[in-house]
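Colleague: Hi! Could you walk me through this one? I have a few quick things to ask.

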Amino acid sequence: MLEFIMTAPKQEAKKVIDSLPEDTSYDEILKELAFDRMIQKGLKDSSENKTISNQEMKNRIKQW
C-alpha cells in the first residue's frame, strides 16, 4: 500500500475546503482558496518586512 503524503499547499487547500459548507459552489471554493493565498502571502511579506507604509501607498496612488 502506498502512503500518501500531501505537500504543505495541498494541506492548506484541503483545510480551507473542509472549512466550507457542503453546498459551497465550485466558484466559491476557488474564491476562498484565492483569498486564503492572498492572506498567507501578505503575512509572509509582512514578516519579511516587504511592505510599504500607508503614506508611501498614498503617494503611489496619486501618481496613477
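**Charged pairs and a loop threonine**

Modeller: Happy to. Lys50 comes out as exposed, at a relative accessible area of 54%. Here exposed means over 50% relative accessible area, buried means under 20%, and partly exposed lies in between (1.4 Å probe, protein chains only).

Colleague: Before we go on, what kind of model is this?

Modeller: It is a predicted model: local features need pLDDT of at least 70, side-chain atom pairs count only at pLDDT 80 or more, and totals for chains, interfaces and linings use all residues. Residues are numbered from 1 along each chain as its sequence is written, and side-chain values use heavy atoms, with hydrogens and water left out.

Colleague: Thanks. Which side chain does Lys50 meet in a salt bridge?

Modeller: That of Glu48, at 3.0 Å from N to O. A salt bridge here is a side-chain nitrogen of Lys or Arg within 4 Å of a carboxyl oxygen of Asp or Glu. Glu48 counts as partly exposed, at 35% relative accessibility.

Colleague: What network are Glu48 and Lys50 linked in?

Modeller: A network of salt bridges that also takes in Lys44.

Colleague: And how many salt bridges does the count come to?

Modeller: Six, by this rule. In general, side chains of opposite charge can pair when their charged atoms come close.

Colleague: What about Asp45, which residue does it form a salt bridge with?

Modeller: Lys41, with the closest N and O atoms 3.2 Å apart. Asp45 and Lys41 are four residues apart in helix 2, so about one helical turn separates them. Helices are DSSP runs (H or I, at least four residues), numbered from the N terminus.

Colleague: Is Asp45 buried or exposed?

Modeller: Asp45 counts as buried because its relative accessibility is 18%.

Colleague: Switching to helix 3, where do Glu56 and Arg60 lie?

Modeller: Both are within residues 54-63, the span of helix 3, and sit four residues apart, about one turn of the helix.

Colleague: Last topic: where does Thr24 lie?

Modeller: In the loop between helix 1 (8-18) and helix 2 (26-47). Thr24 counts as buried, because its relative accessibility is 16%.

Colleague: What does the side chain of Thr24 reach?

Modeller: The backbone oxygen of Pro21, at 2.6 Å.

Technical notes: Helix = DSSP H or I, 4+ residues; strand = E, 2+ residues; numbered from the N terminus. Polar contact = N/O pair within 3.5 Å; in protein donor to acceptor, adjacent residues only side chain to side chain.
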